[in-house]
Amino acid sequence: MEKYRVGIIGATGMVGQRFISLLDNHPWFEVVLLAASSRSAGKTYEEAVGSKWAFEWAIPERIRNMIVVDAQEVNKIAEAVDFVFCAVDMKKDEVRAMEENYARHEIPVVSNNSACRGIEDVPMMIPELNYQHAKVIETQRRRLGTQRGFIAVKPNCSIQSYVPALTPLLDFEPDKVMVCTYQAISGAGKTFKTWPEMVDNVIPYIGGEDEKSENEPLKIWGEMVDGDNGKIIRNAQLPVISAQCLRVACSDGHMAAVSVHFKKKPTKEEILDRWAHFETEPQRLALPSAPKPFLQYFEDPARPQTRLDRDFERGFGISIGRLREDRIFDWRFVCLSHNTIRGAAGGGILSAEMLCALGYITRN
């Protein structure tokens with residue numbers, strides 16, 4: 001098949017680097033353009049990224065000598081690509097303005113940034129859970145005055161482990177959730193080499209993360225309703241989520257310890273059955289990045305572990321363990337996801353695959 005021409009905006013950062021690595025030899029997508037700030041523009045990618053390359057493997061050969069484009073050259077980018085992934089490090093208002101400018105230039109944007117997550121006609125996708133929310137793109141296009149261009153976002157990396165575990169249980173009506181996340185340093189775009197203060201350390205604060213972990217699941221579980229110009233997403237009202245997010249001395253992998261109360265308490269057997277048989281649309285469509293299975297459960301009480309299990313299903317799958325009754329809530333368990341694959345670049349790639357399959361991303 002003819003591949004989609006892909007641009008990566010913010011290509012020199014850690015998430016941009018992960019996009020480059022995951023897209024090397026992708027069956028549907030070919031990276032044809034790399035963009036970053038004006039400081040990097042005009043340099044080869046290898047020159048622009050310099051010592052900031054974060055991985056043990058080398059920069060892909062076909063990418064190394066690609067010339068980096070200024071991310072503000074929207075007309076040039078629009079001519080070269082079918083769509084872009086966006087992973088820039090800018091202020092939120094600047095990111096929203098830039099992404100909407102791209103969309104208005106008829107460039108579909110699949111964003112790793114948080115600036116547009118709260119907009120009711122912007123789908124925030126975990127494709128296994130709420131691919132139907134892509135329908136609101138039609139409303140967004142009317143607002144922006146576009147034919148092809150739109151913005152779709154992936155949610156915060158902190159929710160990627162426990163929201164997939166809770167979603168198969170929604171018909172038991174969870175109403176209260178307590179979660180504590182233990183988040184790897186790559187979530188801050190760091191390695192132990194660039195952040196030696198994190199060695200042998202835990203920091204009990206990640207700016208804005210508690211609020212994202214409490215609010216973003218409600219949009220994932222939200223319903224599409226009729227707005228003034230078409231379908232929009234209305235956030236779910238329940239469950240109420242209380243979150244604490246900690247930075248821990250792991251290179252990759254976000255773990256979550258979850259306690260949940262249900263209006264209709266399920267049995268342990270019912271929960272395990274739901275997790276074991278949770279089939280998803282990306283699996284049915286055989287999307288290239290779709291994990292098969294999406295969820296795995298460990299009977300071993302010492303699993304999942306970040307080093308052993310973060311790469312489950314190439315980093316796209318979710319690992320769960322330690323399901324047991326809770327003395328205050330009903331049930332408690334732990335979950336694990338790979339934060340820069342499932343939680344960042346990989347989640348964006350899977351979303352783009354779904355948007356292509358649904359016909360929202362087309363060749364320019």
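This is a predicted model: local features need pLDDT of at least 70, side-chain atom pairs count only at pLDDT 80 or more; totals for chains, interfaces and linings use all residues.
**Figure 1. Overall view of the protein chain.** The secondary structure comprises 13 helices and 15 strands. The C-alpha atoms occupy a box of roughly 60 × 50 × 40 Å along the principal axes. For 364 residues, a compact globule would have a radius of gyration near 21 Å, and the value of 20 Å for the protein chain agrees with this. Of these 364 residues, 59% count as buried. Among contacts with a separation of 6 or more, 76% are made by residues 24 or more positions apart.

**Figure 2. Surface and charges of the protein chain.** The accessible surface amounts to about 15600 Å², and carbon and sulfur atoms contribute 47% of this area. The chain carries 45 positive and 49 negative charges, whose mean positions lie 1 Å apart. Side chains of opposite charge can pair when their charged atoms come close. Across the whole structure, a search identifies 19 salt bridges.

**Figure 3. Salt bridge between R143 and D121.** The two side chains meet with an N to O distance of 2.7 Å. R143 is classed as partly exposed because its relative accessibility is 34%. D121, in contrast, has a relative accessible area of 5% and is therefore buried.

**Figure 4. Network of salt bridges around R143 and D121.** Both residues also take part in a network of salt bridges, in which they are linked with R96, E100 and R104.

Figure 5. E281 pairs with R284, and the closest N and O atoms are 2.5 Å apart. Both residues lie in helix α11 (residues 281-284), where a spacing of three residues corresponds to about one turn of the helix. E281 has a relative accessibility of 17% and so counts as buried, the limit for this class being under 20%. R284, with a relative accessible area of 59%, is exposed.

**Figure 6. Salt bridge between R314 and E313.** The closest N and O atoms of this pair are 4.0 Å apart, and the pair is counted because the criterion for a salt bridge is a distance within 4 Å. R314 is partly exposed at 43% relative accessibility. E313 is likewise partly exposed, with a relative accessibility of 23%.

Methods
Residues are numbered from 1 along each chain as its sequence is written. Side-chain values use heavy atoms; hydrogens and water are left out. Buried means under 20% relative accessible area, exposed over 50%, partly exposed in between (1.4 Å probe, protein chains only). Helices (H or I, at least four residues) and strands (E, at least two) are DSSP runs, numbered from the N terminus. The radius of gyration is taken over C-alpha atoms; the globule rule is 2.2 Å times the number of residues to the power 0.38. Contact means heavy atoms within 4.5 Å. Accessible areas come from the Shrake-Rupley method with a 1.4 Å probe; for residues, only the protein chains shown count as cover. Lys and Arg count as positive and Asp and Glu as negative; His and the chain ends are not counted. The place of a charge is taken as NZ of Lys, CZ of Arg, CG of Asp or CD of Glu.
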